Amino acid sequence: MSALAGVPLVYTEEVREALHEGRAVVALESNVITHGLPYPDNAATARKVEDAVRAGGAVPATVCVEDGAVRVGMSDADIERFASLPGIPKVSSRDLPVVLARGGPGATTVASSLVAAELAGIRWFSSAGIGGVHRGAQQSFDISSDLIQFTRSRVAVVSAGAKMILDLGLTLEYLETHCVPVVAYGSDDFPAFYCRTSGHRAPHRIDDPDTLARAVETHRALGGPTSFLITTPVSEEDAIDSAEVEAAIARAVTAADRDGVTGQGLTKYLMRAVDAATDGRAARANMAVLVTCAEAAGRLASAHGALLRAAPVGSAS
Ligand code: PSU
Ligand code: MN
């Protein structure tokens, strides 16, 4: 037997009660707070994202690690601290055991937030854009752990696709190869984070939340060991011009290559370069789409909760 009685999970009161009562909960990442957006926009956005989940009818649980525990739900004071303190590390799945054992604080990515969600029994997660296959991965081998974690964690994920700095065609190929369902909610195309379309059609489209909830539950009943990706695009008014952002991404990728930026810091480097090149329009679209996705996730998680209460599908309890 292990010397440890499992991984300590520390819940906020709101999340503990919601889980206890079987209400719908949506997990959220904290790396977007520490590494995705500058202070104080990051703190304000994190709160807006939580409110959007509530407006959709579910309870938000922003995830982080601290004092050797996985925190499921962060107080306003925790969010403010993570948003303003420099140096809190990005913690992906591979980093979790080390940061937990050492007791240091850490901000969870999509991948490690999915690990936490599953441990806590949370069935939904939302962020603006998942990590994916990087441009040039044929040479660099840089594929985000977010995708690998998708093959292992049974969580429904709502996002505006994957980050546009990535190779979205290859990201879709990876998801198909690994049997991850991808459904566009209320649109035909796989979106591109800041833009409404990536130019790739999504493999499926579902507009009705009840049907989508049924598809998520049926995936589990079939024994699907993977996540289930649901995409929703940025709104027309918040979207940015795809030609402009594409040019900025191409320049950022070239600069990263020239500066020898690889590995864990690459995503942040590219995102910040694109924000700068677009005079902050990219960062503003990022903030807006975080809220759009959280609202959709709240609505869908709530429809899923109602389905579970009405008629559990198959062996899916
Ligand atoms: N940088 C940002 N925004 C983000 C991220 C990094 O400006 O949202 C994140 C997310 O937490 C995502 C992670 O899970 O980066 C993926 O990182 P990588 O590509 O290194 O796997
Ligand atoms: Mn990487």
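**Exercise 1. In what kind of crossing does H11 pass H12?** Work out the geometry of the pair, then list what touches what.

*Solution.* Bear in mind that this is a predicted model.

Step 1: find the helices. H11 covers residues 242-258 and H12 covers residues 266-277.

Step 2: get the geometry. The two axes sit 9 Å apart, and the packing angle is about 135°.

Step 3: settle the handedness. H11 passes H12 in a right-handed crossing.

Step 4: list the contact. H11 brings Val245, Ala248, Ile249, Arg251, Ala252, Val253, Ala255 and Ala256, while H12 brings Leu266, Tyr269, Leu270, Ala273, Val274 and Ala277.

Step 5: sort by class. The contact of H11 with H12 has 13 nonpolar residues and one charged residue, with no polar ones.

**Exercise 2. Describe how H3 packs against H13, and classify the residues of their contact.**

*Solution.* Step 1: take the axes. H3 (residues 41-56) and H13 (residues 281-310) have axes that come within 7 Å and cross at roughly 25°.

Step 1: name the arrangement. Angles under 35 degrees count as roughly parallel, so H3 is roughly parallel to H13. The crossing of H3 past H13 is right-handed.

Step 2: pick out the partners. On the H3 side you'll find Asp41, Thr45, Lys48, Val49, Ala52, Val53 and Gly56; on the H13 side, Met287, Leu290, Val291, Ala294, Glu295, Gly298, Arg299 and Ser302.

Step 3: For H3 with H13 you get seven nonpolar, four polar and four charged residues.

**Exercise 3. Stay with H3: which of its residues meet H4?**

*Solution.* Step 1: start with the axes. H4 spans residues 76-84, and the axes of H3 and H4 come within 9 Å, crossing at roughly 145°. H3 passes H4 in a right-handed crossing.

Step 1: read off the contact. Asn42, Ala43, Ala46, Arg47 and Glu50 of H3 meet Asp76, Ile79, Glu80 and Ala83 of H4.

Step 2: count the classes. The contact of H3 with H4 has four nonpolar, one polar and four charged residues.

**Exercise 4. Find the cis peptide bond, and a residue other than glycine with positive phi.**

*Solution.* Step 1: check omega. The bond joining Tyr39 and Pro40 is cis, with omega about 5°. Pro40 is in the loop between H2 (31-36) and H3.

Step 1: check phi. Cys179 isn't a glycine, yet its phi is positive, near 60°. Cys179 belongs to the loop between H9 (168-177) and strand E9 (182-185).

**Exercise 5. How many residues surround ligand 1, and which are the closest?** Then follow Lys90 out from the ligand.

*Solution.* Step 1: draw up the shell. Ligand 1 has 15 residues around it, and the closest are Glu29, Lys90, Ser144, Asp146 and Thr267.

- Lys90: 2.8 Å.
- Asp146: 2.8 Å.
- Lys163: 3.1 Å.

Step 2: Lys90 lies in strand E5 (residues 90-91).

Step 3: look past the sequence neighbours. Leaving out those within four places, Lys90 is in contact with Asn31, His35, Asp95, Ala107, Thr109, Gln264 and Thr267. A polar atom of the Lys90 side chain lies 3.0 Å from the backbone oxygen of Gln264.

Step 4: Lys90 and Val261 are 171 residues apart along the chain, and their C-alpha atoms are separated by 16 Å.

Definitions and conventions:
Residues are numbered from 1 along each chain as its sequence is written. Chains are lettered from A and ligands numbered from 1 in the order in which they are written. This is a predicted model: local features need pLDDT of at least 70, side-chain atom pairs count only at pLDDT 80 or more; totals for chains, interfaces and linings use all residues. Side-chain values use heavy atoms; hydrogens and water are left out. Axes are lines fitted to C-alpha atoms, for helices over the stretch in contact, and angles run from 0 to 180 degrees between N-to-C directions. Helices (H or I, at least four residues) and strands (E, at least two) are DSSP runs, numbered from the N terminus. A crossing is left-handed if the near helix is turned anticlockwise from the far one by less than a right angle, and right-handed if clockwise. Contact means heavy atoms within 4.5 Å. Ala, Val, Leu, Ile, Met, Phe, Trp, Tyr, Cys and Pro count as nonpolar, Asp, Glu, Lys and Arg as charged, and the others, Gly among them, as polar. A residue is near a molecule or strand if one of its heavy atoms lies within 4 Å of it. A polar contact is a pair of N or O atoms within 3.5 Å; within protein, one must be able to donate a hydrogen and the other to accept it, and residues adjacent in sequence count only if both atoms are side-chain atoms. Angles under 35 degrees count as roughly parallel, over 145 as roughly antiparallel, 65 to 115 as roughly perpendicular and the rest as oblique.
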